Amino acid sequence: GTMKRGVASSPSSSSKARRRRADTLDAPLVEALRASPRPFLPASEAASSDTATERVVEAVRVASSNPALECFGVDGTGVLLGVAAAQALGALRVRALVFPLELSLSAPAQEAFIRQLGRNRCLRSITLSSTNLDAAADGPDERWSPRGSAFVEQLQALRRETGLPELEVLGDEAFAEGVDNEEG
């Protein structure tokens, strides 16, 4: 049989990098991501889009092995998330994605987000309060609504093409009324 190449060098370096990244998620948060039905990722302290993106990817990676996971919440305030974060969030096997504060994605990340949401078989609903998914790059719509949203149109069209049920898409008013998890 052939020897596994690179066994000596790779594990130590990659696990070190992984551990350093995971440090940005504190222990109680990691615990919630692993076991809570409704974990919530608070806003990033990260100044850079790359660091914030990496943190979301790491949080989704931890949450994806959570057997109780029903709803995944993220506060994206103050950072522009990149493609990797959008792909991870959009592909997460969860019934509901909730962004109660802000979600801002770079232009390529917006496309990636729509593509992933369009083929996520597990997802049933997404709730957004303040997002740039329909806005110009200069900032998010403060009180976002799905009415007349190009993002929502694209997303639902993609889901119909894929043969999936349309998502329930809720906007900022969902938070104002304190609607939490009304099953419809």
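# Cavity, pocket and helix packing

The largest cavity is lined by Ser 44, Ala 52, Arg 55, Val 56, Val 74, Asp 75, Gly 76, Val 79 and Leu 81. This is a predicted model, in which local features need pLDDT of at least 70 and side-chain atom pairs count only at pLDDT 80 or more, while totals for chains, interfaces and linings use all residues. Residues are numbered from 1 along each chain as its sequence is written, and side-chain values use heavy atoms, with hydrogens and water left out.

**The cavity**

- On a 1 Å grid over the protein atoms alone, a cavity is a set of points where a 1.4 Å probe fits but cannot get out, and lining residues have an atom within 4 Å of a point.
- One cavity of 30 Å³ or more turns up in a search of the whole structure.
- The volume of the largest cavity is about 40 Å³; a volume is the space filled by probe spheres set on the grid points, which are joined across faces, edges and corners.
- Helix α3 gives the most to this lining, with three residues; helices are DSSP runs (H or I, at least four residues), numbered from the N terminus.
- By class, the cavity lining has five nonpolar, two polar and two charged residues.
- Ala, Val, Leu, Ile, Met, Phe, Trp, Tyr, Cys and Pro count as nonpolar, Asp, Glu, Lys and Arg as charged, and the others, Gly among them, as polar.

**The second largest pocket**

- A pocket is an open set of points with protein on both sides within 12 Å along at least five of seven lines.
- The second largest pocket holds about 150 Å³ of space.
- Its lining residues are Val 60, Arg 61, Ala 63, Ser 64, Asn 66, Leu 69, Ala 88, Ala 91, Leu 92, Arg 93 and Cys 122.
- Two or more of these residues come from each of α3 (49-63) and α4 (83-91).
- α3 supplies the largest share of the pocket lining, three residues.
- Seven nonpolar, two polar and two charged residues make up the pocket lining.

**α3 with α4**

- The axes of α3 and α4 lie 8 Å apart, at an angle of about 25 degrees; axes are lines fitted to C-alpha atoms, for helices over the stretch in contact, and angles run from 0 to 180 degrees between N-to-C directions.
- The crossing of α3 and α4 is left-handed, meaning that the near helix is turned anticlockwise from the far one by less than a right angle, whereas clockwise is right-handed.
- In α3, Thr 53, Val 56, Val 57 and Val 60 meet Ala 84, Ala 85, Ala 88 and Leu 89 of α4; contact means heavy atoms within 4.5 Å.
- This contact of α3 with α4 has seven nonpolar, one polar and no charged residues.

**α4 with α5**

- α4 and helix α5 (residues 107-118) cross at roughly 15 degrees, and their axes come within 8 Å.
- That makes α4 roughly parallel to α5.
- α4 and α5 form a right-handed crossing.
- Residues in the contact include Val 83, Ala 86 and Gln 87 of α4, and Pro 108, Ala 109 and Ala 112 of α5.

**α5 with α6**

- α5 packs against helix α6 (residues 150-162) at an angle of about 35 degrees, with the axes 8 Å apart.
- α5 passes α6 in a right-handed crossing.

Key:
Parallel < 35°, antiparallel > 145°, perpendicular 65-115°, else oblique.
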